[in-house]
Amino acid sequence: MSLTVDKGLGNTIAADTKLSYIDGSKGVLEYVGYDIDSLARNSTFEETTWLLWNGTLPTQNELAGFTKELQSQFDVDPRMLDVVRAIPRTAAPMDALRTLVSALAHFDREADDPSPAANRRKSLRLVAKTASLVALFDRHRKGKALVAPDSTLSLAGNFLWMLTGAKPTEAMTRALDVCLVLHADHGLNASTFAARVTIATQSDLYSAATTAVGTLKGPLHGGANQEVMEMLLDIGDLSKVDQYITSKLARKERIMGFGHRVYKAYDPRATYLKTFAKQVAADTGNLPLYEMTRRIEEIVLAQPNIIEKGIFPNVDFYSATTYYSLGLDLDLFTCMFAASRMAGWTGHCIEQLAANKLIRPHADYTGPHGLTYLPMAQRTGCAGAACSCATALSGVA
Ligand SMILES: CC(C)(COP(=O)(O)OP(=O)(O)OC[C@H]1O[C@@H](n2cnc3c(N)ncnc32)[C@H](O)[C@@H]1OP(=O)(O)O)[C@@H](O)C(=O)NCCC(=O)NCCS
């Protein structure tokens, strides 16, 4: 068997998928063959989830039935509220979400039923409940009364209702819904891969979803939208943008919300969001923030070599101001990414199980061989300061 080294697996195809297609050089993203731009303009998160799971757009009756099923699952078992309240208020929302998604399994009698029908029902519960859990935890950490779901609303609308306790406007609901559509799936990204690795061991959907939330948390994956917003607030004003960005670039620092491992052209999700974010910002009195993002884009794209390196704004650059305009705390941004990507994670798990193969790559062993096991009395300890073992131990002391 001949093995190739591919650290980061950037040149490896590890799964077949019918969910989404990316052409990074042309800036194309399709869900099941439908261009992301047309879905962002015309679809809803409920319809997009159906599309990802079924491979076709739903009929009116199918969509109505599916929406109703989702709405009936916005609520969580009353014992889950005790779990929410048991989490320290100081916990980061993504950490809380990881715990809560895992805890859902304890209150689902089908948690370990591997049948396709049960997996489908669990996927629906996971998608319906993730956004509710984010809202419940946010209210808990702020010492506010928890808000029961409104099962007449869309998933986006219900999230805003459970978060704020106020009925959202149509425009606010639509703004969040667009972000949910744009984040629902994205090929074999790190968290989706992690979910497929877990389910491929024939573990359960809740374990796979928990793995995925933990993987999404990292700043190299789902955490960038929060960092974009932190940068904008740090800059503070349009008049300070030029100085801030040019000196950051001179120091060879990265500008958050730019660049992508796969896209070397304009991120197609950012294309639509760029125009859309402007409207949301205008509607909510946040136009100055939006103008700052536009100026940052102008400065970055005018740098020598930037376009040759394939660096363009990515989805996080414009979703950040959209979430902020909706009143979401910065540390909830990645949670909303998770609430949306749950549709993709579960869809990929079901796809993996339909033609399952354990995912088990090799590691290139770089340690020693053939050492003699010494009794304790004869050991001299490790090699001193240069040894990672010594460093680790001194860190503990
Ligand atoms: C997403 C990201 C990790 C992809 O990185 P990658 O494909 O591995 O690309 P590399 O890290 O090899 O960078 C390639 C070159 O582009 C530059 N570059 C990449 N992202 C950059 C950014 N955001 N700002 C400025 N320069 C950037 C690197 O400095 C490097 O330049 P060099 O060749 O002169 O050394 C990277 O673009 C990044 O860190 N972006 C900021 C964080 C972000 O927005 N993440 C969300 C992604 S959806």
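## Helix α2

Just after α2, glycine 55 takes a positive phi of about 80°. This is a predicted model. Helix α2 itself spans residues 45-54. Eight of its ten residues are buried, so the helix is largely enclosed by the rest of the structure. The buried residues are Phe45, Glu46, Thr48, Thr49, Trp50, Leu51, Leu52 and Trp53.

## Strands β1 and β2

Strand β1 covers residues 20-23 and pairs with β2 in the antiparallel sense. Four bridges join the two strands.

Strand β2 runs over residues 28-31, and its side chains alternate. Leu29 and Tyr31 point to one face and are buried.

## Strands β2 and β3

β2 also pairs with strand β3, residues 34-35. The sense is again antiparallel, with two bridges. Tyrosine 31 has tyrosine 34 as its bridge partner in β3. The hairpin of β2 and β3 has two residues between the strands. In this hairpin, valine 32 takes a positive phi near 45°.

## Around the ligand

The ligand is surrounded by 14 residues. The closest are Ala224, Arg254, Phe258, Gly259 and Arg261. By class, the shell holds six nonpolar, four polar and four charged residues.

Technical notes. Residues numbered from 1 in each chain as written. Predicted model: local features only at pLDDT ≥ 70, side-chain atom pairs only at ≥ 80, totals over all residues. Near = placed C-beta within 6 Å. Nonpolar A, V, L, I, M, F, W, Y, C, P; charged D, E, K, R; others polar. Buried ≥ 20, exposed ≤ 12 C-beta atoms within 10 Å, placed from the backbone. Pairing = 2+ DSSP bridges.
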